[in-house]
Amino acid sequence: MALSRKHQATPVRASIFWSDIEALFRAFGAEISEGSGSRVRVALNGVRAVFHRPHPQKETDKGAVKSVRRFLTEAGIEP
């Protein structure tokens with residue numbers, strides 16, 4: 001059974017701790033390295049991305065969560 005586009009689109013939740021996102025990357029086998037400042041470089045399945053670690057708060061904003069979703073999709077990780 002195919003889901004409609006409406007049902008495929010899940011709401012983006014903010015307030016996800018960045019440490020949880022990094023743990024998710026590691027669970028999928030991603031290589032994580034520190035960049036300059038708050039940058040974090042992530043490589044997974046041949047796809048590379050640079051994210052900014054949130055500061056001073058620990059929670060990630062909605063825009064960053066969307067970027068993480070897009071990165072995981074491009075890397076072949078599907079829900």
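Predicted model: local features only at pLDDT ≥ 70, side-chain atom pairs only at ≥ 80, totals over all residues.
**Entry: aromatic rings**

I went looking for ring pairs and found five aromatic pairs in the structure.

I started with Trp 18 and Phe 25. Their ring centres sit 6.4 Å apart and the planes make an angle of 75°; that is over the 60 degrees cut-off, so I put this pair down as edge-to-face. Are Trp 18 and Phe 25 buried or exposed? I checked, and both Trp 18 and Phe 25 are buried.

Next I looked up Trp 18 with Phe 51. This aromatic pair is tilted, with 6.0 Å from centre to centre and 50° between the planes. Where in the chain do the two partners come from? Trp 18 belongs to helix 2, while Phe 51 lies in strand 4 (residues 47-52), so I noted a link between distant parts of the chain, 33 residues apart.

Then I followed the ring pairs along: they join Trp 18, Phe 25, Phe 51 and Phe 71 into a cluster.

**Entry: helix 2 and helix 3**

I turned to helix 2 (residues 18-27) and helix 3 (residues 62-74). Their axes come within 12 Å and cross at roughly 0°. Angles under 35 degrees count as roughly parallel, and I therefore wrote these two helices down as roughly parallel to each other.

Which residues make the contact? From helix 2 I listed Trp 18, Ile 21, Leu 24 and Phe 25, and from helix 3 Val 68, Phe 71 and Leu 72. I sorted the residues of this contact by type and got seven nonpolar, no polar and no charged.

Technical notes:
Residues numbered from 1 in each chain as written. Heavy atoms only, no water. Axes fitted to C-alpha atoms, helices over the stretch in contact; angles between N-to-C directions. Helix = DSSP H or I, 4+ residues; strand = E, 2+ residues; numbered from the N terminus. Parallel < 35°, antiparallel > 145°, perpendicular 65-115°, else oblique. Contact = heavy atoms within 4.5 Å. Nonpolar A, V, L, I, M, F, W, Y, C, P; charged D, E, K, R; others polar. Phe/Tyr/Trp six-rings, centres within 6.5 Å; stacked < 30°, edge-to-face > 60°. Buried < 20%, exposed > 50% of the residue type's maximum accessible area, 1.4 Å probe, protein only.
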